[in-house]
Amino acid sequence: MRRWASDTFFASLAYVVASYLTFEVLMPLQNMFFPEYPSRASLLFLPHGVRVLAAWLLGWRAIFALLPGVFAVFAVLGGADVFLPSRLLAMAIAVTTVPAVFYILKWIGWDLFPSPDRKPCWLCVMGVGVITSFLVSALTNWAFGSARVEYIAFLIGDISGLFFLMLGLYFAFRFMDRRA
């Protein structure tokens, strides 16, 4: 029980921090460098990386671990609109799609979950992130009834966010290994 609580806390905290960095640091920079960009979507959406890595590490528990953070971010961004059916559907899509893809791949014989007897396949995790980005972008934009430009922006933001989050973690872990 204690481990589940810490997984939930850290996964939700990582999601909230990644969202804060995205909306309060990266989006203002994006708006400064691309003022003519019509979409309100981030071109570097770090929370998708958190969703993918949480699902990879926690499996189905990522759904419950991420839900408090996802709800908090939606509540901050949307206020009382957080309870609209489209928002609730978007939250469900955000927390269930990535674990579902990992389990579908496991079911067809391609188990990508971490295991002590094999090295992680980072390219495979990135591949799942790309696949789920297509799914999440399509389903979220369908839930919101958004235009096609939004779909493309979500797709770019999810993939670049996952890539840069994984790259940052890679260098952080290398730095920590060198110091040890």
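1. Basis of the values. The model is predicted, and local features need pLDDT of at least 70, side-chain atom pairs count only at pLDDT 80 or more, and totals for chains, interfaces and linings use all residues. Residues are numbered from 1 along each chain as its sequence is written, and side-chain values use heavy atoms, with hydrogens and water left out.

2. Helices α2 and α6. Two packed helices are described by the angle between their axes and the distance between the axes. Helix α2 covers residues 46-58 and helix α6 covers residues 148-179; helices here are DSSP runs (H or I, at least four residues), numbered from the N terminus. Their axes come within 6 Å and cross at roughly 70°, where axes are lines fitted to C-alpha atoms over the stretch in contact and angles run from 0 to 180 degrees between N-to-C directions. α2 is therefore roughly perpendicular to α6. Angles of 65 to 115 degrees count as roughly perpendicular, under 35 as roughly parallel, over 145 as roughly antiparallel, and the rest as oblique. The crossing of α2 and α6 is right-handed, a term used if the near helix is turned clockwise from the far one by less than a right angle, with anticlockwise giving left-handed.

3. Residues between α2 and α6. On the α2 side, the contact (heavy atoms within 4.5 Å) involves Leu46, His48, Gly49, Val50, Arg51, Val52 and Leu53. Their partners in α6 are Asp158, Gly161, Leu162, Leu165, Met166 and Leu169. By class, the contact of α2 with α6 has eight nonpolar, three polar and two charged residues. Ala, Val, Leu, Ile, Met, Phe, Trp, Tyr, Cys and Pro count as nonpolar, Asp, Glu, Lys and Arg as charged, and the others, Gly among them, as polar.

4. Helices α2 and α5. The axes of α2 and helix α5 (residues 122-144) come within 10 Å and cross at roughly 120°. The two helices are therefore oblique to each other, and the crossing of α2 and α5 is right-handed. From α2, the contact is made by His48, Arg51, Val52, Leu53 and Trp56, and from α5 by Trp122, Val125, Gly129, Thr132, Ser133 and Val136. Six nonpolar, four polar and one charged residue make up the contact of α2 with α5.

5. The disulfide. The structure holds one disulfide, meaning a pair of cysteine sulfur atoms within 2.5 Å. Cys121 is joined to Cys124, with an S to S distance of 2.0 Å. The link of Cys121 and Cys124 is right-handed, with 65° about the S-S bond. Cys121 is partly exposed at a relative accessible area of 33%, whereas Cys124 is buried at 14%. Buried means under 20% relative accessible area, exposed over 50%, and partly exposed in between (1.4 Å probe, protein chains only).

6. Val70 is placed in helix α3 (residues 61-78) and is buried, with a relative accessible area of 0%. Not counting residues up to four places away in sequence, Val70 touches Tyr15, Met91, Ala94 and Val95. Val70 and His48 are 22 residues apart in sequence and 11 Å apart in space, C-alpha to C-alpha. Gln30, in helix α1 (residues 2-33), counts as buried at 7% relative accessibility. With the exclusion of residues up to four places away in sequence, Gln30 touches Pro35, Tyr37, Ala41, Ser42, Leu43 and Leu44.

7. Leu123. Leu123 lies in helix α5 and is exposed, with a relative accessible area of 70%. Leu123 and Val76 are 47 residues apart in sequence and 33 Å apart in space, C-alpha to C-alpha.
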